[in-house]
Each structure stands twice: as C-alpha cells, then as structure tokens.
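I opened the model and kept notes as I went. The entries are in the order in which I looked things up.

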Amino acid sequence: VQLQASGGGLVQAGGSLRLSCAASGNVLIISAVGWYRQAPGMQRELVATITTGNKINYTDSVKGRFTVSRDNAKNMVYLQMASLKPEDTSVYYCDVVALVYGSRRYENYWGQGTQVTVSS
C-alpha cells in the first residue's frame with residue numbers, strides 16, 4: 001500500500017488548509033485511518049484518528065479546529081484544518097491500517113509526510 005499525502009504548505013495564523021491522503025495498491029479493506037504530526041526535535045504525535053468502529057478521536061490541542069474524514073470508495077483520508085496556529089507547524093503524516101489482496105493480516109502503513117508551516 002502506498003500513501004500519498006498532499007495539501008501542506010505555508011499559511012498565516014488563523015488560516016486553513018486541507019490535507020489529503022490517497023491510498024493505492026492492492027488495497028482490499030482500510031480499517032482505521034489517522035493523521036499524525038512531528039515537529040523538529042519532537043516525537044510524532046497523534047492528531048486525529050477514525051477507528052475501525054468509526055469513532056473519531058482528536059488530540060486536545062486541535063479539537064474544534066480540525067476535522068478528519070474519509071472516503072472509503074476512493075481510499076482517501078482528509079484533514080481539514082482551520083484556525084491554524086504557529087504551534088501546528090509540523091510534518092503531517094497519514095496512517096492507515098489495511099488489508100491487501102492475498103493477505104490475511106491487517107498491516108499499518110505510513111505516508112511520506114507533508115509539511116505544514118503556520119506563520120505568526
């Protein structure tokens with residue numbers, strides 16, 4: 001499974017961005033999906049996830065500002081980010097748990113990351 005994240009860029013504080021993540025390859029089923037971010041010198045942290053049971057979770061710092069969604073038919077995952085703050089500056093990674101054709105196990109896959117920079 002290949003994940004291609006896009007939509008990052010430079011935005012002023014208070015602005016918005018929409019990240020997209022496209023999953024391709026021999027994908028049979030995508031169960032859980034999520035977005036993580038990692039700032040320089042920091043550990044990767046969870047931003048938002050949609051679990052297998054479609055429960056949505058957000059880290060506290062983005063609640064009310066970010067919205068995660070998915071399009072199962074297109075194997076796409078999105079992160080709508082609004083009211084962006086300088087502290088949201090990070091590389092954002094998408095993550096899916098998927099079952100591929102010919103496999104009996106769900107595996108975790110990561111995208112390459114997209115840079116989001118929020119200027120003050």
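**Ground rules.** I am working with a predicted model, where local features need pLDDT of at least 70, side-chain atom pairs count only at pLDDT 80 or more, and totals for chains, interfaces and linings use all residues. Residues are numbered from 1 along each chain as its sequence is written, and side-chain values use heavy atoms, with hydrogens and water left out.

**Whole chain.** I looked up the secondary structure and found zero helices and eleven strands. Here helices (H or I, at least four residues) and strands (E, at least two) are DSSP runs, numbered from the N terminus.

Next I checked the overall dimensions. The C-alpha trace spans about 50 × 25 × 25 Å along its principal axes. The radius of gyration is 14 Å, which agrees with the value near 14 Å for a compact globule of 120 residues. That radius is taken over C-alpha atoms, and the globule rule is 2.2 Å times the number of residues to the power 0.38.

I then asked what share of the 120 residues is buried. It is 41%. Buried means under 20% relative accessible area, exposed over 50%, and partly exposed in between (1.4 Å probe, protein chains only).

I also looked at contacts, meaning heavy atoms within 4.5 Å. Of those with a separation of 6 or more, 54% come from residues 24 or more positions apart.

**Strand β4.** I went to residues 27-38, which make up β4. Nine of its twelve residues are buried, so β4 is largely enclosed by the rest of the structure.

Which strands does β4 pair with? One is β9 (residues 90-100), antiparallel over nine bridges. Another is β5 (residues 45-50), also antiparallel, over five bridges. I count two strands as paired if DSSP finds at least two bridges between them.

I picked out a residue pair from each. G34 stands opposite D95 in β9. R37 has E45 in β5 as its bridge partner.

**Two hairpins.** β4 and β5 form a hairpin with six residues between them. In its turn, G41 has a positive phi of about 75 degrees.

β9 goes on to β10 (residues 107-110), antiparallel, with four bridges. D95 turns up again here, with W110 in β10 as its bridge partner. The hairpin of β9 and β10 has six residues between the strands, and G102 takes a positive phi near 90 degrees.

**Positive phi without glycine.** Most residues other than glycine have a negative phi. I noted two residues that go against this.

N75 has a positive phi of about 55 degrees and is not a glycine. I found N75 in the loop between β7 (66-71) and β8 (76-81). N75 is partly exposed, at 23% relative accessible area.

S83 is not a glycine either, and its positive phi is about 50 degrees. S83 sits in the loop between β8 and β9. S83 is partly exposed too, at 42% relative accessibility.

**Q43.** Is Q43 buried or exposed? Q43 is exposed, with a relative accessible area of 71%. Its place is the loop between β4 and β5. Leaving aside neighbours within four places in sequence, I found Q43 in contact with R37 and Q38. I also checked Q43 against M76, 33 residues apart along the chain. Their C-alpha atoms are separated by 25 Å.
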